[in-house]
Amino acid sequence: MMEVHRPHRRDKSIVKKDDQVEIDLEWVITIPREYNDVLMKACRDLEDYFFVSMDVSLQVAYEDEVIGKTIAYKIDEALPENSYKFTVTRESVTLCGHDTRAAAQAGYYLEDLMNLNEAPCLDIADEIRTPLYSPRMIHSGYGLDKFPEEHIRSIAHAGINALLIFVEDVDVTPHGYLDFNDLCYRAAQWGVDVYAYSYMKSRVYPEGPEAEEFYENLYGRLFERCPYFKGIIFVGESCEFPSKDPHTTGILRLDNLDGNGEPIVKGKPSPGWWPCYDFPLWLNMIKRIIRNKKPDADIVFWTYNWGYVEEKYRLELLRNIPTDVSLLVTFEMFEDVVRDGITNRTVDYTLFFEGPGKYFTSEAKLAKERGIRLYAMTNTGGLTWDVGTIPYEPAPYQWMRRYENMREMHENYGLCGTMDSHHYGFYPSFISDLAKWAFYKPTPDLNVMLRRIAVRDFSEETADDVLKAYEYFSDGIRYLISTNEDQYGPFRIGPSYPLILYRDVDAVFPSVPYAPHGGNEICNPVYKYDLSEPYLWDKINYEIKCHTKTAELYNAGCEILERVIPLISEKKRHEAMLLLNMCRFIRNAAKTTVNVKEWKKRKELLLDAAGDERNKIVSEMIEIGKRDIANAEETISLTQFDSRLGYEPSMEYMCDPEHLEWKINLTRRAVEEELPTYLV
């Protein structure tokens with residue numbers, strides 16, 4: 001993740017075509033004498049790229065010192081906002097941006113083209129390129145709220161222009177101290193903004209006598225001391241206040257617990273999980289206080305927590321919020337997807353369904369009617385919660401379906417900004433490369449671009465086979481049904497999820513003390529699945545069928561990669577092996593999820609069974625356990641080959657060799673010691 005420019009991308013057997021320009025030692029990178037940090041960082045980054053990736057050592061100079069062939073950074077404010085003009089002639093390459101940030105992106109575009117060409121060669125060109133979405137916001141994939149410079153550089157190269165950090169107080173994140181102004185300054189040098197994601201507790205009703213002082217001390221103080229934040233994200237569960245809406249408890253969720261951890265007020269949602277009629281009152285107060293400190297602050301209101309609520313209540317709230325805020329809506333959530341007569345509701349966050357859902361479109365329509373700026377939580381950094389401890393989902397054709405539908409929402413409802421990840425953050429991949437191509441206009445044919453990327457990463461000779469593997473992986477994700485039981489269970493952590501019978505129901509996942517969501521806080525090792533009604537048995541059986549199909553499709557794709565990897569050059573082989581290794585991990589995660597469901601079904605029946613029927617159930621559970629132990633043992637080598645597997649920034653490592661051994665030992669206890677005691 002610290003490698004921004006991959007070494008020796010150049011294939012020296014490639015010869016410049018007649019309609020191309022080759023960058024060699026005669027060329028000089030230039031910038032105006034009047035430059036800022038962004039332009040100098042971009043200039044030095046391009047110099048580094050040529051040296052590291054293209055084996056060409058170029059000089060850097062002021063534009064008025066050079067006569068000859070130049071790669072020139074320039075600024076033209078007459079260009080559309082965020083746009084750049086990319087011009088290539090026989091004697092010059094011009095990287096001209098509306099501002100310095102856009103000019104830097106023009107340089108990254110040059111890098112993208114040369115990477116595809118695998119040579120320091122460019123086609124003659126004259127084009128203006130404009131991003132469809134800004135901001136594109138992302139969490140850190142390096143570690144929760146951790147942004148070393150190389151990670152910020154990678155994010156900027158991916159066309160993403162805003163970081164997200166969780167904020168509990170001034171310079172305080174869930175991890176502890178972080179100098180917010182320093183992060184904003186370092187990010188700004190790469191043309192990247194920073195948004196605060198509020199974890200600050202709103203304990204006072206906005207019309208109370210102490211409200212002004214309370215919120216001034218909360219949000220006013222934050223933006224007074226940290227004026228470089230671009231904006232702030234408000235989501236129900238993190239910014240709930242003691243609402244007077246009668247549909248709710250009127251109490252913050254964690255305050256509505258007695259000494260035994262039971263709800264004090266029962267039968268109603270907490271205010272953060274309902275579109276309360278008085279949210280506009282709260283939002284207007286916060287907006288006024290923040291903009292007194294920072295007039296152009298982007299106030300982002302995210303409706304994630306109440307997408308399940310009947311449309312009339314959601315839209316009534318949105319009819320009353322101020323129009324000078326940004327509305328953020330999750331793209332694919334809360335959709336009832338019916339397949340083979342079984343209904344599955346999409347939960348957060350999934351690529352199983354490409355979106356948009358009815359929840360999204362209902363709110364997008366109202367945003368357009370009222371002239372409210374519309375953003376979407378799309379996860380297009382490359383990952384969702386479908387498999388929670390991998391770096392990205394290698395399902396390009398399914399991602400392309402999402403990109404296409406996002407484009408439709410852009411054209412129809414003005415979708416103009418994205419949140420590209422949540423806790424799991426960002427990892428650079430061929431999927432983030434593809435998203436970058438999709439999110440600019442003019443937009444190339446993405447099928448053509450995907451093939452060019454496959455040639456870049458594998459070879460011309462193997463690209464068509466690789467695309468077939470990608471089809472298998474993309475189809476496989478469409479069978480990976482998103483459920484709360486699995487996203488907070490085996491698919492969250494993969495093959496380290498244990499099979500527990502009765503003796504170890506108090507088991508706790510081992511975790512490091514600095515994990516913000518360690519232990520069982522997010523993922524419980526005892527599988528929760530309600531089988532109290534007959535239709536729920538149909539549902540779990542259908543999920544078993546689908547997840548088995550996911551494993552089969554990923555296995556089929558892996559077999560193709562296994563066959564073609566020996567045919568590609570040695571310098572590309574390691575990256576190809578990382579992809580194959582990850583897809584094996586996904587296959588094994590699907591196998592574990594199937595085993596967990598099969599185990600749960602029999603566990604439900606075990607105690608009520610007698611005689612031969614009980615013995616049959618015990619025997620089947622022993623076989624399931626042995627099968628899953630073998631699956632976990634095979635996964636150990638996968639996590640040893642790639643340390644990113646098994647990691648998630650908010651939970652830290654949850655499927656590394658140690659956790660896999662923990663799972664194996666727990667499951668073996670159930671299989672070898674506990675289950676035999678139920679034989680009759």
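This is a predicted model: local features need pLDDT of at least 70, side-chain atom pairs count only at pLDDT 80 or more; totals for chains, interfaces and linings use all residues.
Trainee: Which residues are closest to the centre of the second largest pocket?

Mentor: Of the 38 residues that line the pocket, the closest to its centre are Arg 6, Arg 9, Pro 428, Ser 429 and Asp 433. Helices that each supply at least two lining residues include H1 (37-53), H2 (100-117) and H17 (570-606). By class, the lining has 20 nonpolar, seven polar and 11 charged residues.

Trainee: What is the volume of the largest pocket, and how many residues line it?

Mentor: The largest pocket has a volume of about 1200 Å³. Its lining comprises 36 residues, and Glu 237, Arg 253, Trp 273, Tyr 304 and Tyr 488 lie nearest its centre. The lining divides into 18 nonpolar, seven polar and 11 charged residues.

Trainee: Why are helices H5 and H7 called oblique to each other?

Mentor: The axes of H5 (residues 211-225) and H7 (residues 279-293) cross at roughly 45° and come within 9 Å. Roughly parallel requires an angle under 35 degrees, roughly perpendicular 65 to 115, and roughly antiparallel over 145, with the rest counted as oblique. The angle of roughly 45° therefore makes H5 and H7 oblique to each other.

Trainee: What is the handedness of the crossing of H5 and H7, and which residues meet?

Mentor: The crossing is right-handed. Residues of H5, among them Tyr 215, Tyr 219 and Phe 223, meet residues of H7 that include Trp 282, Met 285 and Ile 289. By class, this contact has nine nonpolar, one polar and five charged residues.

Technical notes:
Residues are numbered from 1 along each chain as its sequence is written. Side-chain values use heavy atoms; hydrogens and water are left out. Axes are lines fitted to C-alpha atoms, for helices over the stretch in contact, and angles run from 0 to 180 degrees between N-to-C directions. Helices (H or I, at least four residues) and strands (E, at least two) are DSSP runs, numbered from the N terminus. A crossing is left-handed if the near helix is turned anticlockwise from the far one by less than a right angle, and right-handed if clockwise. Contact means heavy atoms within 4.5 Å. Ala, Val, Leu, Ile, Met, Phe, Trp, Tyr, Cys and Pro count as nonpolar, Asp, Glu, Lys and Arg as charged, and the others, Gly among them, as polar. On a 1 Å grid over the protein atoms alone, a cavity is a set of points where a 1.4 Å probe fits but cannot get out, and a pocket is an open set with protein on both sides within 12 Å along at least five of seven lines; lining residues have an atom within 4 Å of a point. Grid points are joined across faces, edges and corners, and a volume is the space filled by probe spheres set on the points.
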